[in-house]
Amino acid sequence: MRIFTREEIVAALDESAAMAAVERAIIAFAAGRAQSGDAGHFSFPAPGDAHVKVAHLAGEDVFALKVSASFYGNPAKGLSSSQGFSAVMSATTGEALALFADGGWLTDVRTAMAGAIAARAIGYKGGTLGIVGAGIQARMQAEMIRRHIGADRVLIWGRDPAKAQALAAGIGGEACDDLADLVRASDLVVTTTPATEWLIDDAWVRPGARIVAVGSDGGGKRELDPRILGRATVIADSIDKCLENGEAGWAVRDGLLVAEAIIPLGELLANPRAFASDEIVVADLTGLPVQDAAIAGAVWGVLAPG
């Protein structure tokens, strides 16, 4: 088994090719052309959490196992809040082919790619982009969406105003002190926090708003007032996982949303549709193991010997 460093992995990643692979994986998952084990989720008092995921896309020569962790006190210790690795395995012999010691970077990248893919699918074509959060994923979502779709203006809100100011300065955006103002001004809102009490109030969300919710992926997390989903068209990367761990689950449990009305993201990508100009659309993303397999496979395709 070969071991690759983060630097080698970053150099090998073709962003456009990997993003296309992630999109194909989301479509394959919705069509039943992928295998993925039950995701393991662990919470720690640090505070922090970890996910263990494994998946294989039909027809691919490899499958991947991923461990990703988020420990929010790490920056104070001089460490990244994102940690983890991926292992690439042969789907023919079961051999361990490579270990990607990326420190969770591939997970962060594929999550940002999924955000951009979902944003385009729900009809965002550019304009004002509002980012809720000021951490690694907030920056990566802003940069990925701006590169692949565009944004005339990027607004940043964070629970720590100093971090929001620093992120805004680093990416050429604007820090916003009032979250309600950000939501009202944005054509697309992307939420990226580990909040366990919702941050965005239904009263702030105007007709025609587009929201990509990334932060709610387990452990009681939530970022959106469930009433928003009650009057929105809801898209989910995995209906089952979003009902279990995502924003959709809170709305369904409150009797505000019917699970059968949720549209799988992969189906929307395979059969694009236009949304009305006054339609609120929420993409609920909990993260798919097939995304990890897709991005790991794309990198392995570059780094594989021969």
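Reply: Two strands pair if DSSP finds at least two bridges between them. Helices (H or I, at least four residues) and strands (E, at least two) are DSSP runs, numbered from the N terminus. This is a predicted model, where local features need pLDDT of at least 70, side-chain atom pairs count only at pLDDT 80 or more, and totals for chains, interfaces and linings use all residues. Residues are numbered from 1 along each chain as its sequence is written, and side-chain values use heavy atoms, with hydrogens and water left out.

Me: Which residue in S4 stands opposite Gly 40?

Reply: Strands S3 (residues 40-44) and S4 (residues 48-57) run antiparallel, joined by five bridges. They form a hairpin with three residues between them. Opposite Gly 40 stands Val 52.

Me: At roughly what angle do the axes of H2 and H11 cross?

Reply: Axes are lines fitted to C-alpha atoms, for helices over the stretch in contact, and angles run from 0 to 180 degrees between N-to-C directions. Helix H2 (residues 15-30) and helix H11 (residues 289-303) have axes that come within 8 Å and cross at roughly 145°.

Me: Which are the edge strands of the open sheet of eight strands?

Reply: The order is S10-S9-S8-S11-S12-S15-S13-S14, with parallel pairing. An edge strand here pairs on one side only. The two are S10 (174-175) and S14 (263-264).

Me: Which residue in S12 stands opposite Val 190?

Reply: S11 (residues 188-191) and S12 (residues 210-213) pair in the parallel sense over four bridges. Opposite Val 190 stands Val 212.
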